[in-house]
Amino acid sequence: MTDITALPLGEAYVPFADQNPYPLYARARREEPVFFSPALNAWVVTRYEDVRTVLGNPKAYSLATVPDALAKLSDEAYTELAKTFSEVPVAIREDAVDEARKRVRTPILRAFSGQRAMEMADFVRIQADLLVDRFQGRGHAELMTEFARQLPVRVKAPVLGIDEADIEAFVNGTSDFMELHSVAAQLPVPDQVDRARKVVAYQRLLDSYAERRRAEPREDLFSELVAAMAPGDGPLTVPQRKALVDSMTGLIAAGHFTSTAALGTAVWHLLSHRDQWELLCERPELVDAAIEELVRYDMPLRGLMRRVTKPVELSGVTLGPGDELMVVYQSANRDETVYERPDELDIRRTRSAEHFGYGHGSRSCVGADLGRSMLRTALLTLTGRLPGLRLASGHEVRCMPGLHKIVRELHVEW
């Protein structure tokens, strides 16, 4: 077996894999904080200050798509995806934003504002309780399927305008879309085709919502999206439908991926650090500090790509226009020059610096307040109602590969 500690950092680094990357990140921060990854054909940025610099200057470091080589599907899967008029989905768009998308940003910010998150607190709590009601009497559950994938969709359903009868279809659709991003390229061709067919069905459902909101607008975000991206009252054109399906897909996925990932990793790490779980059960007033610490400790978004637009320098490395970067949030959040005992989970930790769990600067997460509200309610609900919760005996927690660190299955018992 090859000793990766003896390999150059660029060879040792396996992007977005299901493995513990933190020892390698610590080595990078010490030896080569900005190193080149042949697998990504990009530079990997690992130190806190460098990440802060990149995020704080979107003009010099623009958004970039994830390299296709890391998510290449089979020709058969692409043939299935072509059966809808939507583009093959990608995780992040380029910086170029047309006027319609600019108009959409205002209602999105309003829909997920801090004030709206406060107003929704009781609704979030009701949804979390309803989900726990389904399995509390059973003595065991698989929390990803039964809780972590459900709660984000159910919470956002009234904001987006999802009908009650379609909630399960949206839960399944967003999960299928998540798998297409994360694991589909590593699956056998028949399984890739199956995921692609499910995503096409999901996007056809979104298309039906776009057309219905054109015909009968409501007080919801889908209606505002249609009005912003397709002004007028005539039938939607195919290009308009395509753009709306892409936007709806991205809007739902953006919050769903991160919230699902955060819920799964938070419960997993608390249960794996039993003293921390029991401390939160005994002292629920620590929940806000616990949220910040859990997101810092193992951020659910591993990192994002950026493209350099002008000559810059990071940690002694000179970069030029067109160079691409992988900005590793997980590494920055454990930078030992910023955090004491960075590899320890301590929900009593006093925040010494802003972590990157919800972004930074102009690219901060628009749904941060609602995301924190969901995580707060989930933790208080589970610790309050199931204090004896523990990982199922013999269960090994595994995560999907991909930009988001999403637990595949989280089997628990009590």
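Predicted model: local features only at pLDDT ≥ 70, side-chain atom pairs only at ≥ 80, totals over all residues.
Visitor: Which residues of the largest nonpolar core touch the most other members?

Guide: A nonpolar core is a set of buried Ala, Val, Leu, Ile, Met, Phe, Trp, Tyr and Cys residues joined through side-chain atoms within 4.5 Å. Buried means under 20% relative accessible area, exposed over 50%, and partly exposed in between (1.4 Å probe, protein chains only). Here the largest core has 63 residues, and Leu143, Phe147, Leu151, Leu375, Leu379 and Leu410 touch the most other members. Helix α13 (residues 238–272) gives this core its largest share, ten residues; helices are DSSP runs of H or I, at least four residues, numbered from the N terminus. Another core, of 40 residues, lies apart and includes Leu24 and Leu301.

Visitor: How many salt bridges does the structure hold?

Guide: Side chains of opposite charge can pair when their charged atoms come close. The criterion is a side-chain nitrogen of Lys or Arg within 4 Å of a carboxyl oxygen of Asp or Glu. The structure holds 31 salt bridges.

Visitor: Which parts of the chain does the pair Arg197 and Glu80 link?

Guide: Arg197 lies in helix α11 (residues 189–215) and Glu80 in helix α4 (residues 75–81), 117 residues apart. Their closest N and O atoms are 3.4 Å apart. Glu80 is buried, at 10% relative accessible area.

Technical notes: Residues numbered from 1 in each chain as written. Heavy atoms only, no water. Helix = DSSP H or I, 4+ residues; strand = E, 2+ residues; numbered from the N terminus.
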